[in-house]
Amino acid sequence: MSKLVPTVFVVDDDASFLRSIGRWLHSHGYIVKSYGSAADFLARRPKQATGCVVVDLHMPGMDGISFQKVLGQSDHPLPVVFLTGHGDIQTSVAAMKGGAEDFLVKTASKDALLDAIERALARDASEREVRLRQFAMSKRFAELTPREQEVLSHVLKGRLNKQIAIDLGIDERSVKRHRTNMMSKIGVKSVAELAQLAVVAGISEELRVPGDRLPLPTKHS
Amino acid sequence: MATLAPVVMAVDASPRRVLMVYSFGRDFMPYAATGIQFRSELARLSPQPVEFRDASLEQARFDAPGRDGPLLDYLRAVYAEHRPDLIVPIGAQAAMFLQRHRQELFPEAPLLLVGVDDRRLRGMLSEPGVTSVGLDMDVSRFVGNILEVRPNTRDIYVVIGTSPLEKFWEQAFRREWAQFSDRVTLHWWSDRSIAEVRESARNLPPDSAVLVTVVNLDVDGIPFEHEAALRSISPASSAPVFGIIREQLGLGIVGGRLVSQGKIGFEAAKHAVRLLAGEPAANLPVQQLTLDPPAYDWRELERWGISESSLPLGSEVLYRSPGLWEEYRGHVLIALGIMALQAVLILLLLAARRHARESEANLSLAAEFGNVGLWQLATGSDGDGVKATPKFRSLFGLPPSGRITVEDILDRIHPDDRSDTEKAIQNAVNDVEDFSVEHRMVLPDVGLRWIASTGHADVSREGRPARVRGASIDITAIRKAEMERQSLRTELTHLSRVSTMGQLSSALAHELNQPLGAILRNAEAAELLLEQEPTDWDELKAIVKDIQQDDQRAVSVIDRMRSLLMKRELQIEPISLDRVVHLVIGLLKSELQFRRVHLAVELESGLPWVRGDAIHLQQVMLNLLANALDAIRDVPSERRRVAVRAKRLESNRVEVAVCDRGTGIPEERLQRVFEPFVSTKTKGMGMGMGLAICRSIVETHGGRLWAENNPEGGATVRFTLIAVQEATQK
């Protein structure tokens with residue numbers, strides 16, 4: 001999967017601008033795919049593609065901001081760079097809050113545009129890596145038996161073996177056995193390690209450490 | 001054949017046969033007068049004797065389509081051998097009848113249509129051998145006649161018959177008189193018999209008038225020849241009776257601008273002579289007479305207490321018949337006068353000299369105080385010497401004393417105004433006319449001045465012009481104020497346009513940056529392509545072509561803005577409303593998209609052009625649409641709808657409506673939104689001048705602009721404009 005070549009997807013209803021930016025990206029060595037509307041992109045996009053989307057803010061039908069929302073909630077999000085004829089503060093703030101990589105006017109300088117696209121591609125690569133790790137982790141957690149999962153959730157809440165035994169109505173030795181099996185399936189030695197991986201896999205929301213530097217996807221597959 | 005024809009005619013002294021076909025019987029108005037005049041004038045003009053034959057479409061009195069048969073058989077039988085040389089249908093029904101049957105009846109004889117109104121003439125002139133002497137009536141004058149002399153008139157009772165001809169005119173009148181609906185109520189008495197009309201007319205409310213149009217056949221089927229209906233109604237009426245035909249004057253109508261049926265016959269006879277002499281119909285121009293100058297019946301003016309001073313300028317007053325006192329008043333007054341004169345003469349003579357001196361001094365004082373220059377121009381034997389007061393001399397920059405001539409005065413007048421002023425003086429001298437003239441003067445040290453002069457010519461005892469006296473006044477200050485006001489208005493209108501454009505600037509910048517961005521990216525791509533080996537020339541060519549196209553796009557956006565940003569005076573000409581609307585929508589395209597507004601444009605098909613200034617009307621449209629967009633700013637998206645509608649109204653007007661589904665206008669503000677600085681918008685959103693300026697622009701165009709709330713929510717602003725007749729559209 002990591003062999004996929006990053007592509008710059010361009011979405012704009014203005015055919016002439018779409019052609020010119022396509023040529024421009026191509027001449028700068030990018031692989032380009034062009035779409036005349038947001039709906040067209042959402043319908044025809046390659047599912048596993050890597051790269052970023054350069055999108056016009058004002059389009060008939062679905063506009064740039066709504067497109068950003070739909071793309072962000074999909075299973076395969078991509079970083080977005082907004083282009084517009086003329087920007088106003090209100091929409092640019094909305095776009096940046098929605099997680100846009102950048103917000104540029106169509107007449108922006110070559111360097112500003114190249115820089116924004118490079119940052120977007122880099123961000124896609126790192127987010128993709130996080131998503132892969134998360135995917136692998138969640139797979140491991142998914143292999144636990146129902147009882148092991150119950151024990152796991154109590155352990156993550158910081159309960160002692162004795163308390164877990166009372167809560168689940170089983171004896172302490174059984175708790176210990178489930179706990180050992182669970183730790184070895186996940187591949188961790190300590191509760192601290194377990195907690196960290198649970199966060200990566202998106203299992204435990206309560207345990208997230210403040211200041212966590214890992215960008216967390218909202219959904220996992 | 002054509003060259004032989006005149007020779008044959010010169011020898012031929014046999015009578016010319018003219019077949020006159022009347023739309024009704026030949027004694028029915030309005031055509032009776034036309035026929036009589038035509039016959040007598042043609043008989044007088046024609047070198048050969050003329051034999052007139054009459055036929056009339058009796059059936060045209062009734063609604064009887066397709067009953068041409070009997071008349072057709074009759075004409076065929078009578079004229080089988082004695083073919084007529086000229087066919088003259090009088091009135092539209094007869095014209096239409098011959099249009100239908102000319103080919104089978106008289107294919108060779110020329111056809112002269114007489115008395116057909118322009119409204120009915122369409123299509124009748126397409127065949128060869130047909131010409132027309134008819135009418136182009138401004139029928140709105142008939143109601144105008146009434147309002148001119150009786151401005152307080154509230155109710156007009158229209159008397160009209162029920163034959164097909166009269167029904168046609170009732171439709172036309174109803175359509176063209178609708179424009180008066182805000183001033184008078186029209187009551188249509190086509191459903192009453194003339195006997196009933198006569199009774200109803202006895203008790204009319206005050207401020208009423210009766211308008212007798214065409215009555216040949218009333219609702220009971222009673223025919224009326226020679227204005228018998230008018231003769232019966234007028235004496236009974238308790239309100240002034242007006243008419244439409246010149247031949248009604250003297251039979252009990254007040255008067256006004258009327259149609260002269262006799263004149264049509266008179267003019268038609270001139271055509272007929274040339275047609276009978278063998279001239280092709282195509283050589284004779286189609287003639288359309290308009291209404292006569294105003295004429296009034298003195299007896300009716302006296303009867304209704306209408307003062308002659310209220311009649312329009314240049315009116316003719318006929319049928320003066322002074323009463324006993326008036327006839328002898330002169331004699332009595334002269335007798336009394338002689339006695340009084342004898343007694344007073346001596347005293348007067350004594351006082352006169354002193355008095356004259358005093359009043360002259362008073363007059364000069366008043367003139368001096370009012371900055372009025374007085375002058376007197378002697379003519380004839382006295383030469384062209386001018387006497388003038390010191391004020392006049394200083395106004396015209398003349399020396400305070402010494403002889404001055406007309407030439408001296410003319411020399412000081414602005415070259416552009418000199419010939420007009422000279423002509424006015426000449427007319428006053430030669431024709432003993434009053435004169436009034438405004439002209440500019442350029443005086444050293446003073447600059448440009450505007451002077452208004454007015455004068456009166458006196459006649460000598462021999463009836464020759466003796467002198468012209470007059471007064472001149474400096475009106476520079478008034479003129480300057482007028483021009484300043486005009487330029488301020490232009491300035492304000494322009495500013496408002498610029499400010500509206502300012503509100504759109506973000507959308508326009510967007511529209512402009514779109515092609516500019518494309519050009520920039522294309523140029524950068526081309527730069528890189530040029531460095532590559534081998535060079536991709538096809539791609540480079542495509543890039544250059546795209547750049548050119550985008551450049552055009554940018555230019556057209558700028559053009560659209562520029563015309564609106566230009567400052568200019570009003571230029572009224574025939575313009576297409578369709579184009580105005582679409583130019584404005586072009587400007588608003590991006591703005592509509594930004595705000596996700598649905599705009600519906602519903603222009604009635606075949607909309608006539610209007611008289612107007614394209615830029616100013618674009619401004620009105622732009623302003624109303626911008627207001628509509630602001631009104632729907634905060635409503636849910638399904639209500640973000642704006643509609644532009646245009647339709648033709650009766651009475652030559654076009655109405656445009658801009659309709660939104662927004663918050664509407666508070667009832668108490670509906671009238672006031674057109675006042676300056678009144679705005680329903682949030683503070684800082686508008687200066688409250690837009691609608692005031694829109695209204696003033698529309699009113700300058702002779703239209704109206706008003707606002708109303710829609711029952712389903714939101715507001716509609718409507719305005720009307722004057723439509724242009726199709727023929728003058730460019």
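# Close-up views of a predicted two-chain model

**Figure 1. The contact between chain A and chain B takes 27 residues from chain A and 24 residues from chain B.** The model shown here and in the following views is predicted. The size of an interface is often given as the accessible area lost when the parts come together. Here chain A and chain B bury about 2,100 Å² between them, and 49% of that area lies on carbon and sulfur atoms. Three residues, Arg23(A), His58(A) and His86(A), supply 28% of the area that chain A buries against chain B, which is more than any other three residues supply.

**Figure 2. Polar contacts and salt bridges link chain A with chain B.** Between the two chains there are 14 residue pairs in polar contact, with both residues at pLDDT 80 or more. The number of salt bridges between chain A and chain B is five. One of the salt bridges joins Arg23(A) to Glu539(B), with 3.0 Å between the closest N and O atoms. On the side of chain A that touches chain B, helix H1 (15-27) and helix H5 (110-142) of chain A each supply at least two residues. The helix that gives the most to this side is H1(A), with eight residues. Sorted by class, the side of chain A that touches chain B has eight nonpolar, 11 polar and eight charged residues.

**Figure 3. Helix H7 of chain A, residues 161-168, has both buried and exposed residues.** Its buried residues are Asn161(A), Ile164(A), Ala165(A) and Leu168(A). Seen down the axis of H7(A), these buried residues fall within an arc of 100 degrees, and so they line one face of the helix. An α-helix has 3.6 residues a turn, so residues three or four places apart point the same way. Lys162(A) and Ile166(A), on the other side of H7(A), are exposed. The buried residues of H7(A) pack against two helices of chain A, namely helix H6 (146-156) and helix H8 (172-186). Just after H7(A) comes Gly169(A), which takes a positive phi of about 70 degrees.

Figure 4. Side chains of opposite charge can pair when their charged atoms come close. Over all chains, the structure holds 50 salt bridges.

**Figure 5. In helix H7 of chain B, residues 164-177, Glu170(B) and Arg174(B) lie four residues apart.** That spacing is about one turn of the helix. The two residues form a salt bridge, in which the closest N and O atoms are 2.9 Å apart. Glu170(B) is buried, with a relative accessible area of 10%, whereas Arg174(B) is partly exposed, with a relative accessible area of 36%.

**Figure 6. Helix H11 of chain B, residues 298-303, holds Arg303(B) and Glu300(B).** These two residues are three residues apart, about one turn of the helix. Their side chains meet in a salt bridge with an N to O distance of 3.5 Å. Arg303(B), at 34% relative accessibility, counts as partly exposed, whereas Glu300(B) is buried, with a relative accessible area of 8%.

**Figure 7. Salt bridges that share partners form one network in chain A.** The network joins Glu101(A), Asp102(A), Asp115(A), Arg119(A), Arg123(A) and Glu127(A).

**Figure 8. Chain A contains nine helices and five strands.** Along the sequence, these elements of chain A follow the pattern β-α-β-α-β-α-β-α-β-α-α-α-α-α. Chain A has 221 residues, of which 43% are buried.

Note on methods. Residues numbered from 1 in each chain as written. Chains lettered and ligands numbered in written order. Heavy atoms only, no water. Contact = heavy atoms within 4.5 Å. Buried area = accessible area lost by both parts, 1.4 Å probe. Salt bridge = Lys/Arg side-chain N within 4 Å of Asp/Glu carboxyl O. Polar contact = N/O pair within 3.5 Å; in protein donor to acceptor, adjacent residues only side chain to side chain. Nonpolar A, V, L, I, M, F, W, Y, C, P; charged D, E, K, R; others polar. Buried < 20%, exposed > 50% of the residue type's maximum accessible area, 1.4 Å probe, protein only. Arc of directions from axis to C-beta.
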